[in-house]
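Reader: I'd like to go through this structure contact by contact, with the cut-offs spelled out. Please put it up and we'll start.

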Amino acid sequence: MMGLMASEETRTMTPPTVRSAPAHEAGKPGGAASPRAWTMRLLVLGIVLSALNLRPAITSLGALLEEVRDGLGMSGSVAGLLTSVPPLCFAVFGVMAPRLARRFGAGAVVCAGMVAIATGLLVRPYAGGTAGFLAGSALALMGIAVSNVLMPVIVKHWFPDRVGSMTGLYSMALALGTALAAAVTVPLTDVLGGSWQTGLALWAGLAVAAVVPWLPFVRGRATPPGEGEEAAGKTQPPGPAAPAASAEHARVQAPRLRMARSRTAWALAVFFGLQATAAYITMGWMAQIFRDAGVPAGTAGLLLAVTMVMGVPLAFVIPRLATRLPHQGPIVLALGVCGLAGYAGLYLAPAAGAWAWAVLLGVANCAFPLALTMVGMRARTGPGVAQLSAFAQSTGYLISIPGPLLVGVLYQHSGGWGLPIALMSALMIPQMVVGFLAGRDRTVEDEAAR
């Protein structure tokens, strides 16, 4: 699949100013196109491997949270705080991504992000104590945060006519990494001797593998992909080593947009925040809802895995469909209806229809790849996508922080799941409204530059 996409991209995005192949390569089959095809395949591989690494730091910890608490002597309140650390780090560090990309290049920043993930995952189990564990987690989450923001930027520039399919591939890999870490961390820990430190640290190996494809792109410094060429009004993407003059031109020509003045940016940010709230509530509490309804613990975990796995095929289909529609609002509404139906089922018959509710909530959680797709569609240029991605994700993750904590408070004080499920259902309504508004065919450049 990656080879097919890369070859298609080679045919559709061949730049008009590509240099001729050297004389000694002219007689070779595909002599002029081979470097281009190699670059595109390497980029697709880097995107996929990076996406696989954007959630295991979170879901692997969830699978071993009880063992981690016992091993570190972690209090219940600190363990609860861990559920809010990921969105907090995504909000704080995600804001830095566009500035870092302008300084070093998006490929270099993503490469550094993978290094941070690998280092954080390797260090945190052996840091000794809760403070060291939190510091290692924060380092890994910092790498995830900047990569989260820059992935839509890279897709927008290198694959301008494949935004839907490439966002789908990226989202599908992200969902696969999420489900994989949740499903296999405990069995792998048992196979490796039962140490929770080993079970958490082993995911650093996947992050190390993700570093390698980005190394050739580290040479492209000073500007995120596309900033120099788009600012100059050109169409071809720069190679891994973009000229310094082009980078300097980009800094002069690329205006900074006032995202706070854009209604579309705000709608997308709130939509992103509400869908993230629903996702973190689902990951943190859905298994407990089923267990309290009498579902065995093993089955409850399997139901959660089903919810996560639903994102694998749908994350590839939904972005492709979204890019073919002038208005993405109908998709937002369809996903919202699935979420409302799933919440209603959890309230009325959580055990009897457990598999159906798990599937419906898995479909609803595919608002995440839809949000990423709309980030790429609501801005015309690479710099615009970078600024919109940082604004929407940072603001959105800030919005999502209280949700899982509030659900826990309501559950503890009410002694049941009626009020928490009512809260989840109530949040789905504004998510549908702002998502419908964000889906309108508009660009932030028209609003934020006024």
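Reader: Which residue does the side chain of Asp446 meet in a salt bridge?
Author: Residues are numbered from 1 along each chain as its sequence is written, and side-chain values use heavy atoms, leaving out hydrogens and water. This is a predicted model, where local features need pLDDT of at least 70 and side-chain atom pairs count only at pLDDT 80 or more, while totals for chains, interfaces and linings use all residues. A salt bridge here is a side-chain nitrogen of Lys or Arg within 4 Å of a carboxyl oxygen of Asp or Glu. At 3.1 Å, N to O, the partner of Asp446 is Arg380.

Reader: How many residues apart in sequence are the parts that this pair ties together?
Author: Helices (H or I, at least four residues) and strands (E, at least two) are DSSP runs, numbered from the N terminus. Asp446 sits in helix H25 (residues 444-448), and Arg380 is in the loop between helix H21 (367-377) and helix H22 (382-400). The pair therefore ties together parts whose separation in sequence, in residues, is 66.

Reader: Are Asp446 and Arg380 buried or partly exposed?
Author: Buried means under 20% relative accessible area, exposed over 50%, and partly exposed in between (1.4 Å probe, protein chains only). Asp446 comes out at 40%, and Arg380 at 47%. Because both values fall in the in-between band, the two residues count as partly exposed.

Reader: How many salt bridges does that rule give in total?
Author: Besides the Asp446 and Arg380 pair, Arg162 forms one with Asp161, closest N and O atoms 3.6 Å apart. Another joins Glu447 and Arg442 at 3.9 Å, N to O. The count is three.

Reader: Where does H16 bend?
Author: H16 runs over residues 263-292, and its 30 residues reach 42 Å from first C-alpha to last, close to the 44 Å expected at 1.5 Å a residue. That expected span is 1.5 Å times one less than the number of residues. The bend at a residue is the angle between axes fitted to the seven residues ending there and the seven starting there. In H16 a bend of about 50° falls at Trp285.

Reader: Which residue caps the N-terminal end of H16?
Author: A polar contact is a pair of N or O atoms within 3.5 Å; within protein, one must be able to donate a hydrogen and the other to accept it, and residues adjacent in sequence count only if both atoms are side-chain atoms. Here a side-chain oxygen lies 3.4 Å from the backbone nitrogen of Thr264. The capping residue is Ser262.

Reader: Why is H16 described as largely enclosed by the rest of the structure?
Author: It comes down to a burial count over the 30 residues of H16. H16 is largely enclosed because the number of those residues that are buried is 21.

Reader: Leaving out residues up to four places away in sequence, which residues does Trp214 touch?
Author: Contact means heavy atoms within 4.5 Å. On that basis Trp214 touches Leu43, Gly46, Ile47, Ser50, Gly107, Val110, Cys111, Met151 and Ile154.

Reader: What is the relative accessible area of Cys366?
Author: Cys366 lies in the loop between H20 and H21. Setting aside residues up to four places away in sequence, Cys366 touches Met310, Gly311, Leu314, Ala315, Ile318 and Leu335. Cys366 is buried, with a relative accessible area of 2%.

Reader: How many strands does the protein have?
Author: The helices number 25.
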